[in-house]
Amino acid sequence: RVVTPPSRAALRAKKDDEDMSLGVKGAWFAAEIVGKAKAALSPDAVAPAPASAPPRSVNEAVRRIKADYEGSAGPYFLTGLMDSGCYDEECEFADPFVSFKGRTRFEENLANLAGGFITDASVRTLEEGLAGPLSYKTKLLVKLRLALPWQPVLAWPWGVEHVFEERGDGSVVVTRHLESWDVSAATGVAQLFRAGPPGALTGPATKVAASKTAPSPLGTKDPIAGPLVAAARATGVLPEEEDDGWTGEPSAWADEDSFTQKLSGFTQTYLAGFKQWVAERVAGEFDAAAVDAALNAEISDNAVLMYSFTSCPFCKKAKELLDEKGAPYAVVELDEIADGAARRARLGAKTGRTSVPSVWISGEYVGGLNDGPGLAVLDRAGELDAKLAAAGRR
């Protein structure tokens with residue numbers, strides 16, 4: 001059998017991967033050392049709690065681990081406090097960069113983070129549940145600002161699998177705590193060494209401030225669908241709220257193959273002019289030059305910007321997609337500001353579309369969710385991540 005030796009390009013790529021791996025590990029160990037130094041000098045240093053008795057069943061272990069995530073003061077990786085009795089003393093803790101064994105070291109790392117190394121955070125649960133008889137998985141959207149001079153922000157979906165072992169004494173403990181990050185090593189390191197965006201991280205997005213001197217002519221719901229959906233929810237035809245608490249128009253309406261999406265595409269193709277005329281009638285008299293100036297300033301000032309409607313399911317799913325990507329973005333809720341109707345009319349004049357969301361990345365209009373081309377379309381084509389990464393370097 002003839003064995004073909006690897007090409008120079010393949011060898012070079014392998015070396016680049018090895019260099020990246022070494023660089024990533026070096027960066028993370030350096031961050032760990034800085035965290036320890038920061039915590040040592042902080043008056044708010046967190047002392048690990050005494051170990052509790054181990055759980056006696058998988059259900060008890062899951063309940064106690066969930067409590068660590070759902071604590072009133074925040075999840076365990078922000079407070080520095082964990083129910084250590086759920087973990088074996090020699091539990092393996094692994095992430096995409098490093099792996100080690102030892103519950104004590106992990107507790108020390110948590111204390112370092114909570115002791116001042118994390119200065120701001122935003123956390124949202126994406127999913128959680130049993131993944132097998134001895135496996136519990138969680139997935140969160142996490143944004144963390146670190147106490148380094150350039151204040152980097154780490155932002156990505158973060159998953160953890162807790163692998164249990166049933167012991168002969170009847171106890172059940174976690175023997176493997178396996179983290180997975182929906183981000184490449186290169187992107188993670190780039191975030192670590194890049195100055196983070198200004199402003200607080202709380203909440204999935206930054207809402208662009210705008211004075212509300214009068215109610216928006218748009219109201220807070222679609223003038224036709226809004227009342228029908230409200231009536232359907234009130235009478236039980238639709239649930240009062242969806243599983244995630246959403247009470248706007250049904251999330252399923254924003255699916256790519258839904259009737260409402262097809263109707264939206266039809267009206268955009270054949271009735272765009274009429275929709276623009278309606279938008280201008282709703283807006284009434286306004287200073288077009290002043291509204292255009294406000295739009296241009298917002299688009300220029302925000303690397304990723306979304307014009308939205310609070311009850312719109314297309315906007316909801318667009319926000320969820322950006323959240324899953326860990327991308328910082330700004331939102332203007334058109335139905336919450338006095339000149340929202342005027343802005344919607346002028347956005348229609350600029351883009352040919354009066355529908356929302358209206359999404360802009362690095363000053364470029366990229367459409368809504370499923371059209372124009374749309375965030376979901378760009379994501380499926382493998383183009384969205386590159387656009388968001390380029391926007392983050394602005």
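In the predicted model, a salt bridge joins the side chains of Lys316 and Glu320, with an N to O distance of 3.2 Å. Both residues lie in helix 10 (residues 313–325), and because they are four residues apart there, about one helical turn separates them. Lys316 counts as buried, at 10% relative accessibility, whereas Glu320 is partly exposed, with a relative accessible area of 23%.

Another of them is formed by the side chains of Arg176 and Glu92 (3.0 Å, N to O). Here distant parts of the chain are linked, since Arg176 is in strand 6 (residues 172–181) and Glu92 is in strand 1 (residues 87–94), 84 residues apart. Arg176 is partly exposed at 36% relative accessibility, while Glu92, with a relative accessible area of 17%, is buried.

A salt bridge is also formed between Asp371 and Arg353, whose closest N and O atoms are 3.7 Å apart. Asp371 sits in the loop between strand 11 (364–367) and helix 12 (375–380), and Arg353 in the loop between helix 11 and strand 10 (358–361), 18 residues apart. Both Asp371 and Arg353 are buried.

Helix 9 (residues 288–301) packs with helix 11 (residues 340–351) at an angle of about 75°, their axes being 10 Å apart. The two helices, helix 9 and helix 11, are therefore roughly perpendicular to each other. The contact between them comprises seven nonpolar, one polar and five charged residues. Among them, Val291, Leu295 and Ile299 belong to helix 9, and Arg346 and Leu347 to helix 11.

Definitions and conventions: Residues numbered from 1 in each chain as written. Predicted model: local features only at pLDDT ≥ 70, side-chain atom pairs only at ≥ 80, totals over all residues. Heavy atoms only, no water. Axes fitted to C-alpha atoms, helices over the stretch in contact; angles between N-to-C directions. Parallel < 35°, antiparallel > 145°, perpendicular 65-115°, else oblique. Contact = heavy atoms within 4.5 Å. Nonpolar A, V, L, I, M, F, W, Y, C, P; charged D, E, K, R; others polar. Salt bridge = Lys/Arg side-chain N within 4 Å of Asp/Glu carboxyl O. Buried < 20%, exposed > 50% of the residue type's maximum accessible area, 1.4 Å probe, protein only.
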